[in-house]
Amino acid sequence: MADFMLLGLFNNVTPTADAVDGLRDLGIDDKNITIMSSLPYASKLFGRKTPRSWYLPFVLGGAVAGLLLGLFVAAITPELYPIEVGGQGATPIPPSAIIVFELTALFSMVAAFVAFLLQGRFPILTRQMYDPRITDGYIGLQVRVSGDMLDQAVKVLEASGARSVQREDAAEYRSQGIRHLLFWGGVSTAGLIALLIPLLLTYDVIRLPWINNMKDTPVVDAQEGPRRAVPAGSIPVQGPVLIAGQPATEPIPSSPESLQRGDVLYNINCAMCHGSLGGGDGLMTKYFPEVPALTDDRIQTMAAHDIFLVITNGKNRMPGIAKNLTAGETWDVINFVYSLDE
Amino acid sequence: MLETNAERVPFWEQPLPEDEKLAEQVEHERQEHLMLDALPPSENNALVLARMQQTTRLFWVLVLGLGGITLAFVVTWVIQMQYGIGITGLNRSVMWGPYIANLVYFVGIGHAGTFISAALRMMKLDFRRPIARAAEIVTLFGLATAGLFPFLHVGRLWKIFYMFPIPNQRGLWPNFRSALFWDATAITTYLIGSTMFMFIALLPDLAMARDHTSGLHRRIYRTLAMGWRGTEHEWHNLEVIANILSFVIIPVMFSVHTGVSWNFAMALQPGWHSTIFGPFFIVGALFSGVAAVIIVMIILRKMMGLGYFFREEHFNAMGIFLMLMSMAWVYFYFTEWIVNWYGNLPMEKALQSMLTGDLAPLFYLMLFSNIVVPLGTLWSRRVRTSLPAMLVICIFIQIGMYLERIIIVAGFLSRNELPFNWVNYTPRWPEVVITVGALAFLALMYTVFTRLVPIIPVWEVYEGQAMHTPRRFGRAIFSVRTEQH
Amino acid sequence: MAEHKWTMIVDLDKCTGCNACVVACHAENNVPVASEDEVKRGRGLHWMRIERYWEGEYPDVKARFMPVFCQQCGNAPCEPVCPVYASYHSEQENLNVQVYNRCIGTRYCGNNCPYRVRYFNYRTPEYDAPLEQQLNPDVSYRSAGVMEKCTFCIQRIRRARETANADNRELQDGDVQPACVQVCPSGALVFGDKYDHESRVTNMLPNERQFKLLEHMGTEPAVYYLKGGETDVGD
């Protein structure tokens with residue numbers, strides 16, 4: 001004979017407990033009785049044993065997992081990727097303790113929550129015997145009885161003061177079985193996949209066109225053209241710094257030897273533009289018409305160290321010729337330039 | 001036989017004593033105490049659900065208004081992303097400003113919720129029962145709002161994933177020696193823990209909503225309630241996990257604001273580098289958090305007509321809690337400053353002269369709001385149970401605690417070791433819009449959420465009501481609680 | 001172990017406060033020039049700055065100058081606070097390095113630097129044409145939202161080392177000159193390797209006038225200041 005499900009609805013705790021006792025007397029096992037209420041009544045109020053729950057292994061497992069993850073994240077990864085900062089050691093203990101604490105707490109809480117869902121068989125995917133009046137403060141007593149005991153059980157419920165008794169064929173109420181685990185298996189798989197997707201991005205498997213400011217640089221690179229000439233008065237990256245108006249190096253006094261050396265160097269380095277007599281009529285003037293005559297008063301009255309700067313660094317379209325001349329040779333050329341006036 | 005009869009009627013139909021005098025007293029006690037004033041749960045359920053589903057014109061005006069301000073917040077943020085942090089008033093010495101102060105402030109607001117719920121639950125204090133959910137939601141959204149500010153604060157938002165501990169092709173792992181991570185980890189843990197804590201306590205109420213709604217609502221609540229029926233096993237499970245989460249979440253709560261305070265205390269900045277910052281921040285957070293919960297309670301009571309649940313006794317109890325926090329805050333602040341004052345180091349002198357000089361209006365307003373206002377008024381039960389007075393006091397405390405954070409962040413940064421680098425900070429419009437917008441965002445989320453879930457944990461109220469009975473003692477009636485466990 | 005300990009000596013007696021070093025630093029390191037408005041808001045951006053302090057009461061006032069730049073601390077407070085290792089201690093260079101590409105702009109390092117020598121790019125630096133032509137290709141350009149600071153002209157250090165390697169010789173004293181040292185007209189700045197026993201820097205230390213900036217903070221700076229003012233320095 002088929003089993004039946006009964007749901008009796010009671011006003012308060014005492015009649016429910018009476019019904020539990022009556023059903024027990026009929027020989028119905030306690031595990032076939034389920035009591036539902038809108039507020040947490042302790043089981044002992046119904047004369048029943050407190051249900052068992054298995055949180056400790058979950059919470060401990062979660063705590064250990066969190067502890068290990070915390071250690072890995074905060075203490076082991078710095079060893080794997082050592083980067084020195086601020087004179088601190090590679091494995092910093094106090095900060096690691098904080099991370100380990102937080103992750104231990106987080107994982108034990110999450111594990112407790114998972115335990116809650118698994119033990120309560122949430123979410124319940126099958127039909128359940130229920131009456132919405134239960135959340136209005138009434139107590140529901142669900143009992144599963146075999147067909148031959150049905151009438152006796154109903155009598156017990158009614159005798160104890162049940163406000164109403166529903167009866168249904170038990171075949172309609174199956175246990176969830178594996179469906180619950182399958183559901184959570186599916187959810188966790190989906191969650192894992194969702195966690196793996198960022199890895200595709202961070203490992204550049206999927207490339208997103210992402211903002212990278214450092215690439216957008218206005219800096220003209222060494223290989224990029226066209227370059228402009230160095231502006232007048234620029235300070236060279238290497239070598240001495242020459243500042244207008246200040247002596248650069250010790251001048252060499254004018255002497256016949258100096259003038260003679262200067263003449264030779266002048267003819268090599270300067271005459272093609274400035275002319276062999278400094279008249280500003282060298283061969284190159286057809287390309288550079290602005291070449292000044294060195295006999296000009298403007299040039300002749302310039303301070304020696306300013307001429308030194310011009311020769312070294314160049315001026316306007318005149319290139320610096322420091323590469324061809326040492327400091328002493330430059331002074332020889334300057335002496336010679338001054339002698340052109342005479 | 002009376003005893004047996006009483007047990008056979010539901011807890012909300014317990015008979016009154018036959019003696020008329022005592023009946024009067026019981027009536028009085030019932031008006032005072034929610035726990036004695038049991039109504040049929042069907043009425044209370046209907047009340048809570050009706051308030052939840054009711055969308056008045058005022059509600060829509062509020063949502064639109066808050067939504068508008070939130071939109072301004074979003075627009076400002078986009079502008080800031082486009083033009084850089086430069087649109088704010090930050091400068092080369094004051095590199096942290098209101099964004100960080102807001103982070104501290106909103107985490108602080110979020111602090112009290114879970115504390116009220118978890119700690120008072122562990123201590124079995126009954127006044128938490130109707131408040132717990134309202135407070136927990138303050139925590140959730142306070143933390144969520146606070147969580148926006150690191151994103152608002154950084155210079156290159158689009159690179160913020162560098163901070164996430166995800167394995168990557170760059171071969172780089174974040175630096176957990178940075179105090180920013182301690183705080184971020186703690187906030188994440190607290191947010192996840194609080195969400196779970198709120199959700200499990202919400203389950204029976206979702207089932208309640210499922211049983212008393214129809215159509216689409218019913219389908220949604222049925223999914224969310226996950227088939228909760230309230231069996232012994234389920235209740236026992238809920239009891240155990242609530243205890244576990246309470247025990248774990250309280251140390252986490254302490255670590256959250258300690259972590260936030262260490263962002264400052266770990267730096268060499270004068271005024272920040274102080275060992276007292278951890279407890280000082282926790283007390284400050286609870287102080288502003290409890291005040292925030294009281295403000296929320298007042299608004300909920302007024303706007304949703306929840307006078308049955310939020311009674312004078314609750315405001316009274318919260319007021320006492322607030323006063324204790326105020327005292328603790330004063331104690332820590334005094335300890336902090338007397339050490340500085342007595343030490344009289346040049347930097348500390350500079351900070352003090354700034355507080356009593358350039359920042360004097362803010363400093364004195366803060367002291368007034370945090371010390372004079374609460375300590376001068378909250379000793380009186382009449383003040384504690386008067387809603388307008390409590391609203392004003394709590395708003396003062398919000399202002400005072402916000403100023404405290406601003407002074408610590410933007411104020412102290414403007415004075416540092418080399419006087420050449422003393423640059424004062426003045427906020428510009430983006431900070432103002434963002435701050436107000438964040439507050440509006442929090443209020444908006446809260447307002448919308450009150451229409452989605454039952455804002456009163458009715459099962460907790462029923463549990464309290466079922467366990468409380470009036471007891472005659474001599475010539476008077478008292479409330480007696482039955483301890484189930 | 002690091003091969004070099006780059007060290008700077010700042011002789012405050014010789015510093016005239018001419019700001020040539022500041023200008024040279026801007027040019028060498030592509031340091032953006034903050035507009036007038038930005039400077040008014042306290043956002044002047046110089047990797048190297050001359051701090052001017054007034055000493056005494058009017059009319060007996062003396063100006064004191066102190067060049068301040070990144071002190072390249074041995075125990076740098078800016079390093080451990082960075083969540084993304086943008087600020088870290090380079091073992092190879094033995095310098096405090098800022099990696100612009102990693103920086104996300106939390107600005108924690110800036111707060112934690114007692115010298116306030118870290119600067120934040122509050123805006124995207126702009127260079128009107130043809131100013132972009134003068135940018136140094138050896139130094140990366142920094143976008144808005146990142147921190148930057150003095151590097152001891154690390155690009156020059158590296159170039160000098162590459163040249164020395166190509167010539168198959170050791171680095172010599174004087175091979176490396178940061179831009180500020182190179183232009184200092186009064187020779188107030190001296191740069192060199194403290195591990196090199198022959199270098200000018202080693203020979204100048206210890207000095208009876210030497211001190212380190214905010215030494216009590218325990219940051220172990222690599223910059224020595226030589227006290228200026230009343231000390232008799234002889235000829």
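How many of the eight residues of strand S3 of chain A are buried? Six of them are, so the strand, which spans residues 139-146, is largely enclosed by the rest of the structure. Before I continue, please keep in mind that we are looking at a predicted model.

Let me stay with S3(A) for a moment. Strand S1 of chain A, residues 3-10, pairs with S3(A) in the antiparallel sense, over eight bridges. Within S3(A), Arg144(A) is the residue opposite Met5(A). Strand S2 of chain A, residues 33-36, is also joined to S3(A), here by four bridges, and again the two run antiparallel. In this case Thr34(A) has Gln142(A) of S3(A) opposite to it.

On the overall layout of chain A, the domain assignment gives domain 1 as 3-188 and domain 2 as 256-339. The centres of these two domains, taken over C-alpha atoms, are separated by 99 Å.

I turn now to chain B and its contacts. Towards chain A, 60 residues of chain B are in contact with 58 residues of chain A. Several helices of chain B each supply at least two residues to this side, namely H1 (2-8), H3 (41-53), H7, H9 (232-265) and H17 (458-467). H9(B) gives the most, with 15 residues. By class, this side of chain B has 32 nonpolar, 19 polar and nine charged residues.

Towards chain C, 35 residues of chain B are in contact with 34 residues of chain C. Here helix H7 of chain B, residues 179-211, gives the most, with three residues. The side of chain B that touches chain C has 19 nonpolar, eleven polar and five charged residues.

Another helix of chain B deserves a word. Helix H10(B) runs over residues 277-304, 28 residues in total, and reaches 39 Å from its first C-alpha to its last. That is close to the 40 Å expected at 1.5 Å a residue. H10(B) is mostly covered, with 20 of its 28 residues buried. Just after this helix, Gly305(B) takes a positive phi of about 60 degrees.

Finally, chain C. An open sheet of four strands in this chain has the order S8-S1-S10-S9, with mixed pairing. Strand S8 (189-193) and strand S9 (210-211) stand at the edges with a single partner strand each, so one side of each is left without a neighbour in the sheet. Strand S1 of chain C, residues 6-11, is joined to S8(C) by five bridges, and these two strands run antiparallel. One of the paired positions is Trp6(C), whose bridge partner in S8(C) is Asp193(C).

Also in chain C, is Cys180(C) buried or exposed? Cys180(C) has 27 C-beta neighbours inside 10 Å, and the cut-off for a buried residue is 20 or more, so Cys180(C) counts as buried. This residue lies in helix H5 of chain C, residues 179-183. Leaving aside residues up to four places away in sequence, Cys180(C) touches Cys21(C), Ala24(C), Cys25(C), Met48(C) and Leu189(C). By C-alpha positions, Cys180(C) and Tyr100(C) are 22 Å apart in space, and they are 80 residues apart in sequence.

Conventions. Residues numbered from 1 in each chain as written. Chains lettered and ligands numbered in written order. Predicted model: local features only at pLDDT ≥ 70, side-chain atom pairs only at ≥ 80, totals over all residues. Contact = placed C-beta atoms within 7 Å. Nonpolar A, V, L, I, M, F, W, Y, C, P; charged D, E, K, R; others polar. Expected span 1.5 Å × (residues − 1). Buried ≥ 20, exposed ≤ 12 C-beta atoms within 10 Å, placed from the backbone. Domains from an automatic or database assignment. Pairing = 2+ DSSP bridges.
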